[in-house]
Amino acid sequence: MTIVVGVTGGIAAYKTVSLVRGFVLAGHDVHVVPTEAALRFVGTPTWEAVSRNPVTADLYDGVDEVRHVALGQKADLIVIAPATANTIAKLAHGIADDLLTNTVLASKAPVVIAPAMHTGMWQAPATQANVRTLRERGVVVVGPASGQLTGSDSGPGRMEEPDDIARAALTHVLGQAPATQGSAAPASAARSRRARVDSASAGTRLDLDGLRVVVTAGGTREPFDPVRFMGNRSSGKQGMAIAAAAAARGAVVTLIAANVGTDAVPDGIAVESVSTTLELEKAVTDAAGDADVVIMAAAVADYRPAQVQQGKIKKEHTGDRLTVEFVVNPDILAELSAARPEGQLVIGFAAETEKDPATLLELGRSKIARKGCDFLVVNNVGWNHGFATDDNDVIVLNRAGDIVMEASGTKLSVADRILDATLSRVP
Ligand code: CTP
């Protein structure tokens, strides 16, 4: 993915070096656009070295290539960190007087800002009104955090940590991925798993290095005829977030995407797009053969129409009522669990509409016993929650039915918690 990182004039600019480095290490093409003020804190050579791309703050550099338009159009995501009160005000009012503000104005990419400023400036009615305006336009605002400021006082105004900004930004973009086909050959990796923390990568853990992880995401669709299907409301966001989190931690990830866009999937993840349950069954069974971990986050249709009509079903033939006969689909999770090679970990999901926590837990316990997987991630879904949102609330059960973890937060942070809670079991 192409990420433009805007840096404005605040002391927190030094932390943005880590953010840029993290994006680059995750395989993204990163273009840093600092303001003149930002360059007083961190200079051009540093930005060029960490981003591995040329950097300028000058709107009039490279005029021949109309740089602000080119960058804006190329960007899949724009992250501005730190975002000063001044730049926030400019963005809110469409002022474009430097390369960064011109780039943002020329772009249709999602914008994520991480404000950083003194508490007084943050709380000023003008700043709050500008932030509200940006939020209303879909800009994602990460932070600011509260704590010790650069001076002697403390309060809200500190820039969020680079890891948190990266997570929020990637979760936001993964959720917005347009629907397309994506595919890449799975990289075969040595079965070497070293538990280590890569301190050089700005807090990016590579504790799943070389682990082969297969993740299914999205929801299967079962056609009745060439134009209609039975489907479900799964957006694929949680599964995609798990794939992204595992890859960021060094795993070799294969994502089997059922009817979800995969454009924003980070480079390096092998993607196979499928539609029906039988296609998903084949793809995941093939991929699971030499996997260390299989995570069935996809919502799978339990039934499919017994017959698929070759032509469109016509109302003049079916009349006021239409009866469609369904036949049961294979239970892929149960099959995978029963056939798994020794040492392979299988994780299932259970999206339930039950609201009572005790009954929800009981449903989860009987489901994991039925499916035979190692862990079950249980979440509550309903008309207005669970699907297509950026946040999630889960409990993870082990085979004995004990709760091993509970988490709520962004789907990317929940993804990391699920990986933490379950992958410690991998030999
Ligand atoms: N699953 C599967 N194959 C199916 C149905 C579900 O592999 N035919 C997997 C899902 O990917 C998920 C888990 O089983 O990991 C639980 O899915 P869920 O829809 O909650 O359970 P069902 O078995 O369909 O039971 P029910 O719909 O009755 O709750």
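Predicted model: local features only at pLDDT ≥ 70, side-chain atom pairs only at ≥ 80, totals over all residues.
The protein has 427 residues, of which 51% count as buried. Its secondary structure comprises 15 helices and 19 strands. Among contacts between residues at least 6 apart in sequence, 69% join residues at least 24 apart. The protein exposes about 19,600 Å², and carbon and sulfur atoms supply 51% of this area.

Strands of a sheet pair through backbone hydrogen bonds, either parallel or antiparallel. In this model, five strands form an open sheet with parallel pairing, in the order β2-β1-β3-β4-β5. Strands β2 (29–34) and β5 (140–141) are the edge strands, each of which pairs on one side only. Strand β4 (residues 111–115) runs parallel to β5 and is joined to it by two bridges. Within this part of the sheet, Val112 stands opposite Val140 of β5.

Helix α6 (residues 99–106) is largely enclosed by the rest of the structure, because six of its eight residues are buried. The buried residues of α6 are Leu99, Leu100, Thr101, Asn102, Thr103 and Val104. Their cover includes the strands β1 (2–7), β2, β3 (77–83) and β4. Helices α4 (67–74) and α5 (85–93) are also included in this cover.

Strand β11 (residues 252–258) is likewise largely enclosed by the rest of the structure, since seven of its seven residues are buried. In a regular strand the side chains alternate between the two faces of the sheet. In β11, Val252, Thr254, Ile256 and Ala258 point one way, whereas Val253, Leu255 and Ala257 point the other way. Strand β11 pairs in the parallel sense with strand β8 (residues 212–218) over seven bridges. Thr216 has Ile256 of β11 as its bridge partner. Strand β11 also pairs in the parallel sense with strand β12 (residues 270–274), over five bridges. In that pairing, the bridge partner of Thr254 is Ala270 in β12.

The largest nonpolar core holds 71 residues, and those that touch the most other members are Phe23, Trp47, Val79, Leu255, Ile295 and Ile418. Helix α10 (residues 237–248) gives the most to this core, with seven residues. The core lies between domain 1 (2–201) and domain 2 (212–425), because both domains give residues to it. Leu255, one of the residues with the most contacts to other core members, belongs to the buried strand β11. When residues up to four places away in sequence are not counted, Trp47 touches Val7, Ala13, Thr16, Val17, Val20, Val32, Pro34, Leu39, Val42, Arg52 and Val55. Another core, of 26 residues, lies apart from the largest one and includes Val214, Ala298, Ile368 and Leu397.

The structure holds one aromatic pair. The rings of Phe224 and Phe326 have centres 6.1 Å apart and planes at 75°, so the pair is edge-to-face. Phe224 lies in strand β9 (residues 222–225) and Phe326 in strand β15 (residues 326–328), so the pair ties together parts that are 102 residues apart in sequence. With a relative accessible area of 16%, Phe224 is buried. Phe326 counts as partly exposed, at 31% relative accessibility.

Conventions: Residues numbered from 1 in each chain as written. Heavy atoms only, no water. Phe/Tyr/Trp six-rings, centres within 6.5 Å; stacked < 30°, edge-to-face > 60°. Helix = DSSP H or I, 4+ residues; strand = E, 2+ residues; numbered from the N terminus. Buried < 20%, exposed > 50% of the residue type's maximum accessible area, 1.4 Å probe, protein only. Pairing = 2+ DSSP bridges. Contact = heavy atoms within 4.5 Å. Core = buried A, V, L, I, M, F, W, Y, C linked by side-chain atoms within 4.5 Å. Domains from an automatic or database assignment. Areas by Shrake-Rupley, 256 points an atom, 1.4 Å probe, with all protein chains shown as cover.
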